[in-house]
Amino acid sequence: MMPAKEEIRQKVWSVMQREKVARFPGAQGRIPNFVGAEACARLLAEKSYWKRAGALKCNPDSPQRAIRHKALAEGKIVYMAVPRLRHEKPFIELDPAKLNCSLYVASSIKGAAKAGRFVGLDEVKKIDLIVWGSVAVNRAGARAGKGGGYSDLEFALLIENKKISAKTPIVTSVHPLQIIDEDLPMAEHDIPLNAIITPGEIIEIDAAFPRPRGIYWRLLPQEKIEAIPILKIAAATRDPIDKANLA
């Protein structure tokens, strides 16, 4: 029987703690920061899709900070989502040409919130590369995050607003212990990967799973819609046929 995602998360968190590859404050309950995360940024920067990218969307977690910093240092615009999408302008734009602090400070979660510009989806530029944080991945391109479902919503919002396309590369950086040999459950709203970056290699993946096409309203609890301003606004303006899909 295929193990549930939560069981896989717990297994990976425990292994990382036991093998002492998780940095402070530990792996449990988060996208775990790992030994060697900085090397992933250097490897990713060698790829053609990185070199072509003028703007990228990156998660705000610590293990991907080196990637955000490198992107800013190379003059790329970085978009980070507001935690839990709780702002009417749900993304933070970091434009290295407009920052009033060091790029390293801006690459942190707190620094980005202070130095970046909160933007609505209409203000987001075309995104050329997506970087996700992960708890567990496999070589078929399946991925498990920490379980909140916000990465899926960020992706869906960007797809629906044509900020990314069906061909926009999607990558993640992980420690090798986060790569599992077993299957990972993939629902229709889950995001498949095009590449896995570890401190020692890049694993390119032929897409084995379809990408989400947008927001799957029928899968969203009403309380989540109410808690996320941009979803609440979108739900209120949908036509009667679409509103039926909210149930």
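Reader: How many salt bridges does a search of the whole structure find?
Author: The search runs over the whole structure of this predicted model, and a pair is counted when a side-chain nitrogen of Lys or Arg lies within 4 Å of a carboxyl oxygen of Asp or Glu. The number of salt bridges found in this way is 15.

Reader: Lysine 11 forms a salt bridge with glutamate 182; how many residues apart are they?
Author: The closest N and O atoms of lysine 11 and glutamate 182 are 3.2 Å apart. Lysine 11 belongs to helix α1, which covers residues 5-18, whereas glutamate 182 sits in the loop between β8 (170-173) and β9 (195-197). The pair therefore links distant parts of the chain, and the separation is 171 residues.

Reader: Is lysine 11 buried, partly exposed or exposed?
Author: Buried means under 20% relative accessible area and exposed means over 50%, with partly exposed in between. The relative accessibility of lysine 11 is 48%, so this residue counts as partly exposed.

Reader: Which parts of the structure does the salt bridge between arginine 23 and glutamate 38 tie together?
Author: In this salt bridge the closest N and O atoms are 2.9 Å apart. The two residues are 15 residues apart in sequence, and because of where they lie, the parts tied together are the loop between α1 and α2 (37-44), which holds arginine 23, and, for glutamate 38, helix α2.

Reader: Glutamate 93 and arginine 117 meet in a salt bridge; which of the two is buried?
Author: Their side chains meet at 3.2 Å, N to O, with glutamate 93 in strand β3 (residues 91-94) and arginine 117 in strand β4 (residues 117-119). Arginine 117 has a relative accessible area of 39% and is partly exposed. With a relative accessible area of 5%, the buried residue is glutamate 93.

Reader: Which residues are linked with Glu93 and Arg117 in a network of salt bridges?
Author: The salt bridge between glutamate 93 and arginine 117 belongs to a network of salt bridges. Besides Glu93 and Arg117, the residues linked in this network are Lys89 and Glu123.

Reader: Why do the buried residues of helix α4 lie on the same side of α4?
Author: In helix α4 (residues 65-73), the buried residues are Ile67, Arg68, Ala71 and Leu72. An α-helix has 3.6 residues a turn, so residues three or four places apart point the same way.

Key: Residues are numbered from 1 along each chain as its sequence is written. This is a predicted model: local features need pLDDT of at least 70, side-chain atom pairs count only at pLDDT 80 or more; totals for chains, interfaces and linings use all residues. Side-chain values use heavy atoms; hydrogens and water are left out. Buried means under 20% relative accessible area, exposed over 50%, partly exposed in between (1.4 Å probe, protein chains only). Helices (H or I, at least four residues) and strands (E, at least two) are DSSP runs, numbered from the N terminus.
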